[in-house]
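Open the model in your viewer and keep the selection tool at hand. This tour goes stop by stop, with something to select at each one.

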Amino acid sequence: MKANVHFREVLNNGTGYYGLSALLGAIVLIGLGAAYFMEHNGHFVTGMNNEIVWGMPHVFAVFLIVAASGALNVASIGSVFGKSQYKPLAPLSGLLAIALLAGGLAVLVLDLGHPDRLIVAMTYYNFKSIFAWNVMLYTGFMAVVVVYLWMMMERKMNKYTKPAGFFAFIWRLALTTGTGSIFGFIVAREAYDAAIMAPMFVIMSFSFGLAAYILVLMASFEWTERELGDKILYRLKNLLGIFVGAVLYFVLAYHLTNLYAAEHHSVERFILLDGGIYTKLFWIGQILIGGLIPLAMLYHPTLGKSRAVIGWACALVILGGMAQMYVIIIGGQAFPLVLFPGMEVSSSFADGIVASYTPKLPEYLLGIGGVAIALLLVTIAVKVLRFLPESLADAIVDPHTASDAKGTAKKAA
Amino acid sequence: MTHKSEINSSRRQFLNGSAIAAGLAIAPGVMLHQVAQAKPADQAVTSDKRWGMLIDTNKCSKGCDTCVRGCQTENGWGENETKSGPNQVAQWIRKVELRDTSTGFTKSLPLMCQHCEHPPCVDVCPTGASFKRADGIVLVDKHICIGCRYCMMACPYKARSFIHEDLQDQLPVAPRGKGTVESCTLCVHRVDKDGENAIPACAEACNAEGHEAFVFGDLKNPNSRISQELAKHGGTQIRADLGLNVGIRYRGI
């Protein structure tokens with residue numbers, strides 16, 4: 001006996017749904033207003049300068065893009081790795097991937113010096129540039145996931161779900177590798193120029209994407225009063241714990257390797273010891289809040305079973321992920337270029353000193369606007385199409401072990 | 001009503017005459033256009049030459065920024081960014097002061113776009129706006145620069161600047177434009193006009209003050225002054241370890 005998983009659109013017509021949409025819509029509008037303000041006046045209204053050329057908007061944008069490719073993981077586990085319990089989760093996974101990517105790309109494009117020249121970026125390509133490849137990988141990913149969703153959601157195409165899922169899986173690995181390579185390919189900067197950046201970004205995507213997915217899943221089920229069984233939720237949270245641990249491992253490998261080379265001692269000292277805000281964000285934000293505390297929460301024998309704790313652990317992973325992005329993107333730029341090793345350098349163009357950067361309000365608003373775009377897209381889509389399963393109760397998810405300690409199998413809502 | 005078989009000869013003559021007159025009117029233009037296309041000024045730049053500079057830092061002194069001011073005057077930067085913060089204003093060329101921490105030895109030198117043979121900025125530009133001319137000068141195509149600033153991330157010399165505000169009174173030789181990236185052009189407008197006799201504004205200003213620290217010329221011509229001086233005194237590249245084979249060489253560092 002196989003329990004059929006039914007998908008249903010969100011049918012609530014209450015103030016809660018429209019209130020959420022209105023709130024997200026307002027945040028999106030504010031973000032767009034901030035983008036217009038930046039574009040109209042020029043970037044002097046931001047905290048970005050000639051030393052820190054990528055700032056808060058890019059921290060948000062890269063985080064959203066990395067999380068987007070990771071959000072697709074849940075669907076891949078179902079289609080590519082054949083774990084049938086994950087299959088009901090797949091449509092929401094694909095939707096979230098598209099939504100997060102759209103949000104990230106919106107922020108990236110709106111921060112350009114010439115967002116009006118987007119068509120130029122889509123027609124003139126320098127194929128030696130990883131950015132040019134990323135333009136194609138990002139837009140292609142949207143198309144690939146749309147096709148994947150189509151295969152999943154239309155019954156007579158279901159037999160193509162597995163090959164479409166496989167293709168999407170490979171594509172998202174290429175995409176995240178491309179995103180990490182943006183930094184990995186930069187030879188000039190001490191903190192970048194490392195082959196590990198690409199796989200580290202892949203692992204980060206696993207962690208951030210799954211944390212975002214779990215939060216969206218929990219919230220959407222809670223607010224539409226659908227049942228989310230413990231079985232599937234615990235599987236997801238244990239998986240998140242593995243990914244958080246894996247990220248810590250990659251960070252360890254990156255820094256240990258750098259510490260071994262005298263050439264990199266000064267930048268390591270900067271990040272790990274006397275970089276001020278960057279050191280604080282690394283140890284407290286990235287390692288503690290983003291790594292060790294969520295690990296403890298997720299794997300704790302009793303706390304790890306509480307929904308609130310799981311939700312908070314996901315939120316901490318996301319916060320720690322943002323801190324990690326800040327350290328990588330901003331910290332990597334703040335550390336001065338070493339043109340004359342062994343020399344003290346000074347100039348009128350901030351040579352030889354740690355660059356300073358204070359993000360200004362328009363940058364925050366644009367970044368948060370991108371998050372709101374992603375969440376608004378999910379909110380609208382789950383109402384219009386059948387992305388959410390009616391129920392993920394234990395009996396539905398895994399019917400073979402339906403009789404649990406509590407006795408009765410739970411009915412579908 | 002005219003019979004269709006009757007040919008209106010006066011109408012035919014008029015049309016013939018008009019066609020001949022029109023052809024005669026256009027023909028000189030067609031001929032001149034062909035002649036104009038043969039003019040060498042329209043020819044593409046070739047890799048027969050490679051423009052470079054040799055800077056003798058022994059002639060540079062701390063606090064002297066004549067070269068910087070010469071570039072500012074020539075290319076129209078330094079004064080007209082009134083809203084940008086101090087770290088946001090553009091700098092095409094700057095003086096860098098060095099001090100060896102172990103010996104106390106000090107040095108002063110000008111630093112600008114190094115016009116690399118293998119420019120990282122060109123590699124990373126997604127649209128190809130950052131490009132290297134056949135004669136070695138690295139430039140930004142202001143028509144297709146989208147202002148992503150990836151080239152600024154990639155440049156090992158921090159040579160590039162981003163324009164953070166609307167600019168007034170731009171000079172025709174150096175279109176700048178809010179939202180795009182810029183850097184030293186090796187005074188390409190002077191190079192295209194004067195060729196071997198060209199001298200970039202920084203070098204010209206330095207010479208005018210009598211310091212004569214700059215030598216500009218064709219690196220591929222063994223008889224040019226720059227090639228002869230490089231052969232005699234040598235020249236160091238900043239960050240030679242990156243293997244970029246830059247066009248700007250220094251003496252005394």
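## First stop: a buried serine

Select S93(A). With 29 C-beta neighbours inside 10 Å, this residue counts as buried. Bear in mind as you look that the model is predicted.

Now show the helix around S93(A). That is helix 4 of chain A, residues 90–111. Which residues does S93(A) touch, once those up to four places away in sequence are set aside? They are A71(A), L72(A), V74(A), A75(A) and Y213(A).

## Into the nonpolar core

Move along to L96(A). Together with L100(A), it has the most contacts inside the largest nonpolar core, which has 207 residues. Which helix gives the most to this core? Select residues 197–223 of chain A: this is helix 8, and it supplies 17 residues. As background, nonpolar side chains in soluble globular proteins tend to be buried together.

Return to L96(A) and display its partners. Leaving aside neighbours within four places in sequence, they are A71(A), A212(A), Y213(A), V216(A) and V378(A).

## A glycine in helix 13

Next, select residues 361–384 of chain A. This is helix 13, and G367(A) is found in it. Is G367(A) buried or exposed? It is buried, because 27 other C-beta atoms lie within 10 Å.

In sequence, G367(A) and G103(A) are 264 residues apart; in space, C-alpha to C-alpha, they are 8.8 Å apart. Then pick out the contacts of G367(A) beyond four places in sequence: M56(A), P57(A), V59(A), F60(A) and V107(A).

## Step back: chain A

Count 14 helices and one strand. Its radius of gyration is 22 Å, close to the 22 Å that the globule rule gives for 413 residues, so chain A is as compact as a globular protein of that length. Along the principal axes, its C-alpha atoms fill a box of roughly 75 × 45 × 40 Å.

How many of the 413 residues count as buried? The share is 52%. Look also at the contacts in chain A with a separation of 6 or more: 76% of them are between residues 24 or more positions apart.

## Switch to chain B

The C-alpha trace spans about 110 × 45 × 35 Å along its principal axes.

Colour chain B by domain. Domain 1 covers 9–39 and domain 2 covers 51–251. Their centres, taken over C-alpha atoms, are separated by 50 Å. Buried residues make up 42% of chain B.

Now colour chain B by confidence. The average pLDDT is 90, and 91% of the residues score at least 70. Select residues 32–39 of chain B. Here pLDDT stays under 50, and the model has one contact beyond four places in sequence. Where pLDDT is low, predicted coordinates should not be read in detail.

## Where the chains meet

Show both chains again. The predictor gives the complex an ipTM of 0.91 and a pTM of 0.90. Across the interface, 47 residues of chain B are in contact with 38 residues of chain A.

On the chain B side, select strand 2 (93–100), helix 3 (120–124), helix 4 (150–154) and strand 6 (161–162); each supplies at least two residues. Strand 2 of chain B gives the most, with seven residues. By class, this side has 20 nonpolar, 14 polar and 13 charged residues.

## Last stop: P126(B)

Select P126(B), in the loop between helix 3 and strand 4 (130–132) of chain B. It counts as buried, because 26 C-beta neighbours lie inside 10 Å.

What does P126(B) touch, not counting residues up to four places away in sequence? In chain A, the contacts are A121(A), N126(A), S129(A), F131(A), A132(A) and V135(A). In chain B, they are C148(B) and Y150(B). Finish on P126(B) and Y150(B): they are 24 residues apart along the chain, and their C-alpha atoms are separated by 8.4 Å.

Terms used: Residues are numbered from 1 along each chain as its sequence is written. Chains are lettered from A and ligands numbered from 1 in the order in which they are written. This is a predicted model: local features need pLDDT of at least 70, side-chain atom pairs count only at pLDDT 80 or more; totals for chains, interfaces and linings use all residues. Domain bounds come from an automatic or database domain assignment. A residue is buried if 20 or more other C-beta atoms lie within 10 Å of its own, exposed if 12 or fewer, and partly exposed in between; C-beta atoms are placed from the backbone. A nonpolar core is a set of buried Ala, Val, Leu, Ile, Met, Phe, Trp, Tyr and Cys residues joined through C-beta atoms within 7 Å. Helices (H or I, at least four residues) and strands (E, at least two) are DSSP runs, numbered from the N terminus. Two residues are in contact if their C-beta atoms, placed from the backbone, lie within 7 Å. pLDDT is the predictor's confidence in each residue, from 0 to 100. Ala, Val, Leu, Ile, Met, Phe, Trp, Tyr, Cys and Pro count as nonpolar, Asp, Glu, Lys and Arg as charged, and the others, Gly among them, as polar. The radius of gyration is taken over C-alpha atoms; the globule rule is 2.2 Å times the number of residues to the power 0.38.
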